[in-house]
Amino acid sequence: MPDQATLNHAAQVIATISADQRADTALRFYFERHRYLQPPAKRGISRAVFAYFRWLSWIDPKASPQKRVEHASTLQERFVADEKSVKPEALAARAVPPWLATEMELPADYLRQLQREPALWLRARPNRSFALAKSLFACERTERAPDALRFTGTQDLFKTEQFKTGEFEIQDLASQLVGHAAAPVPGETWWDTCAGEGGKTLHLADLMANKGVVWASDRNLRRLDTLKRRAARAQIFNYRVAPWDGSDKLPTKTKFDGILVDAPCSGVGTWQRNPHARWTTTPTDVRELAATQLALLNRVCGSLKPGGRLVYSVCTLTRSETTAVADAFTTAHPELDPHPLFGDGPRVVLWPQEINANGMFIAAWIRKK
Ligand SMILES: C[S@@+](CC[C@H](N)C(=O)[O-])C[C@H]1O[C@@H](n2cnc3c(N)ncnc32)[C@H](O)[C@@H]1O
């Protein structure tokens, strides 16, 4: 059980969270105002805040913030000690909002996974994962991705020498699998249309071994600035930034070997890591985002070379944003064929309980020659 000071801090954080603010943003602001807090204390407060949102439907909304935070931590501890203590029916009724059942299957093992604390994944630079695991100590490898390491230690990774010198990125395993699904080849030209802070741009560039180029677009220029800083730290140079607001006016007339649309989405696949979003995301968000996703795919697919691959990824599992978007796009574009991923079908659903990471949907097409 967290100590009283941790619970008090956590209670203060939840009292500051408003409808349009994410829990992790509230935590960041809180830590900026309480600079004396050391990393172990911050970790404890964050865990208590996330436990609060994970168990929100179990606790009395009329109790004081302290009591609510304390109750949530007790429930989290009880669950860790004996996961079967929470019945599948209770999980189905309380771990997620009721509307989710209209958008996806809710298997019991998925709901149980949502109540666990999330794993932390690193992506080592190509062929350096063994050395990195040795130097960081608490790392576990996975067969699913060659450079992925699950970090089980407690040190502040951002302060490590290995991070400062670009030996690794913090990147969820599901996101790493998007890079492997795209499978760019050295010398190709790719376009990461929704590059954000560059998690996948850097991975594509790494997979291309500094040969060829990745164009990185986003409508958020601040995120693209972060991308540039990350690329500099990782000493990645085979990319270029081309802001794009998602409109019909494309940033370039270049034809690409590959295009990645890592589209804005409801983020349902991240609800284990970001439990607050379970209670702020709405069916309207899902509907509007699905329309945006299809529009983005429609706008960029003309920029593929004959034989070029289009990869669509979203960290969500709702039908509207996954199969429905892929079906509508396939129907509207007979000039593209669905393209196998990982030597299998053209669509992959990554479930959190199967990979111990975010949920993700990936689909791919290839432009006919
Ligand atoms: C899922 S995030 C991208 C994450 C990023 N690819 C990564 O791996 O770190 C989606 C991105 O799409 C951007 N975005 C949202 N709406 C957009 C639009 N209409 N056109 C272009 N980018 C958009 C957001 O700014 C956000 O950075």
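## Report on a predicted protein model

With 369 residues, a compact globule would have a radius of gyration near 21 Å, and the protein agrees with this because its own value is 21 Å. The radius of gyration is taken over C-alpha atoms, and the globule rule is 2.2 Å times the number of residues to the power 0.38. The structure is a predicted model, in which local features need pLDDT of at least 70 and side-chain atom pairs count only at pLDDT 80 or more, while totals for chains, interfaces and linings use all residues. Residues are numbered from 1 along each chain as its sequence is written.

**Overall build**

Along the principal axes, the C-alpha atoms fill a box of roughly 65 × 45 × 35 Å. The protein has 14 helices and twelve strands. Helices (H or I, at least four residues) and strands (E, at least two) are DSSP runs, numbered from the N terminus.

Of the 369 residues, 43% count as buried. A residue is buried if 20 or more other C-beta atoms lie within 10 Å of its own, exposed if 12 or fewer, and partly exposed in between, with C-beta atoms placed from the backbone. Two residues are in contact if their C-beta atoms, placed from the backbone, lie within 7 Å. Among contacts between residues at least 6 apart in sequence, 72% join residues at least 24 apart.

The ligand is surrounded by 18 residues, and the closest are Cys194, Gly196, Gly199, Gly246 and Pro264.

Gly199, one of the closest residues to the ligand, belongs to helix α10, which spans residues 199–207. Nine of the nine residues of α10 are buried, including Lys200, Thr201, His203 and Asp206. Just after α10, Ala209 takes a positive phi of about 50°.

**Two asparagines with positive phi**

Most residues other than glycine have a negative phi. Asn127 has a positive phi of about 65° although it is not a glycine. Asn127 is found in the loop between β1 (120–124) and α7 (129–136), and Asn127 is exposed, with 9 other C-beta atoms within 10 Å. Asn356 is partly exposed, with 18 other C-beta atoms within 10 Å.

Strands of a sheet pair through backbone hydrogen bonds, either parallel or antiparallel. Two strands pair if DSSP finds at least two bridges between them.

Strand β12 is mostly covered, as seven of its eight residues are buried.

| Strand | Residues | Bridges to β12 |
|---|---|---|
| β9 | residues 304–314 | six bridges |
| β10 | residues 336–338 | three bridges |
| β11 | residues 347–350 | four bridges |

Leu310 stands opposite Trp365 in β12, and Trp365 is also the bridge partner of Pro338. Leu350 has Met360 in β12 as its bridge partner.

**Val268**

Val268 lies in the loop between β8 (256–262) and α12 (283–300). Is Val268 buried or exposed? Val268 is buried, with 26 other C-beta atoms within 10 Å. Leaving aside its neighbours within four places in sequence, Val268 is in contact with Thr281, Thr316, Leu317, Thr318 and Gly359. Val268 and Thr201 are 67 residues apart in sequence, and their C-alpha atoms are 22 Å apart in space.

Terms used:
Near = placed C-beta within 6 Å.
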